[in-house]
Amino acid sequence: MLLLEGLSKSYGETRVFHDVTLELGTGEFVALLGESGVGKSTLLNCIAGLDGADAGRITVGGTDLATLDEAGRARLRRARLGFVFQAFHVLPHLTVAENVALPLLLLNRPDERRVAALLDAVGLGALGARYPAQLSGGQLQRVAIARAVVHAPGLILADEPTGNLDPETAERVLGVLLAQVREAGAACLLVTHSEAAAARADRVLRLSAHGIVAR
Ligand SMILES: Nc1ncnc2c1ncn2[C@@H]1O[C@H](COP(=O)(O)OP(=O)(O)OP(=O)(O)O)[C@@H](O)[C@H]1O
């Protein structure tokens, strides 16, 4: 589902990562660890086509991102990708339920039952009519997780999705991500500092300035 080959990225003189190679198959749940600032979020942004790598190749579902223009990358993101951003990026003028429904609307596949089921699954079943400003940080994080998986994407990129959650709630949302992997066959790359989250993964990798290695 995802193939990274010799991926390198610098910001000016600062090398972020170098020669990253990784293959992530359908139905695989992989945790990516690494020190703060080592480039984990930047790597996810490159995979999503939101940032550009300096060298190497990114293939998502058999498509080389370099062969797509901006509109093509946006289409690929919409159809195949679910992204849980570290900063959530929940839209403030939409309700919780509308935020979660958005990926389905963009694909012309509205499905209120699916939205309601996912809100229930992340423990927000009673809060669908609220606006983001009326939620806690951990609740916003769960909105972002429900939104990332609502359209059953083939590839889920999750940046610290349990960072603001208590252990029990964290376990619950990991279960939602795992269900997408185990039952819907998604591939999931989970960036985390949490050992509990890493323990649920099929493989645990570590990103350093030299590349990605198995931990
Ligand atoms: N737009 C940018 N311009 C310049 N440097 C940047 C930019 N974005 C990120 N960086 C730098 O690139 C490095 C990698 O940042 P990134 O956010 O990818 O790290 P991370 O591993 O996700 O960190 P954390 O675990 O703290 O979230 C950091 O040193 C950061 O300061």
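Valine 30 stands opposite leucine 189 in β8, where two strands count as paired if DSSP finds at least two bridges between them. Helices (H or I, at least four residues) and strands (E, at least two) are DSSP runs numbered from the N terminus. Keep in mind that this is a predicted model: local features need pLDDT of at least 70, side-chain atom pairs count only at pLDDT 80 or more, and totals for chains, interfaces and linings use all residues. Residues are numbered from 1 along each chain as its sequence is written.

**Strand β8 and its partners**

- Strand β3 (residues 29–33) runs parallel to β8, with four bridges between them.
- Strand β7 (residues 155–159) also pairs with β8 in the parallel sense, over five bridges, and here isoleucine 156 has cysteine 188 as its bridge partner.
- To get from β7 to β8, the chain passes through helix α6 (residues 167–182), and this β-α-β crossover is right-handed (with the strands pointing away from the viewer, the path from the first strand over the helix to the second runs clockwise).
- Why is strand β8 (residues 187–191) largely enclosed by the rest of the structure? Because five of its five residues are buried, meaning that 20 or more other C-beta atoms, placed from the backbone, lie within 10 Å of a residue's own.
- Both faces of β8 are covered: Ala187, Leu189 and Val191 are buried on one side, and Cys188 and Leu190 on the other.

**The antiparallel sheet**

- Four strands make up an open sheet with antiparallel pairing, in the order β2-β1-β4-β5.
- Its edge strands are β2 (14–24) and β5 (63–64), each pairing on one side only.
- Strand β4 (residues 55–60) and β5 are joined in the antiparallel sense by two bridges, and threonine 59 sits opposite aspartate 64 in β5.

**Around the ligand**

- The shell consists of Tyr11, Val16, Gly34, Ser36, Gly37, Val38, Gly39, Lys40, Ser41 and Thr42, picked by a C-beta atom, placed from the backbone, within 6 Å of the molecule.
- Helix α1 (residues 40–47) supplies the largest share of that shell, three residues.
- By type, the shell has three nonpolar, six polar and one charged residue (Ala, Val, Leu, Ile, Met, Phe, Trp, Tyr, Cys and Pro count as nonpolar, Asp, Glu, Lys and Arg as charged, and the others, Gly among them, as polar).

**The annotated stretch**

- An unreviewed UniProt entry annotates residues 2–215 as "domain: ABC transporter"; such annotations may be inferred rather than shown by experiment.
- Over residues 2–215, the chain is 34% helix and 27% strand, with the end C-alpha atoms 20 Å apart.

Key:
Buried ≥ 20, exposed ≤ 12 C-beta atoms within 10 Å, placed from the backbone.
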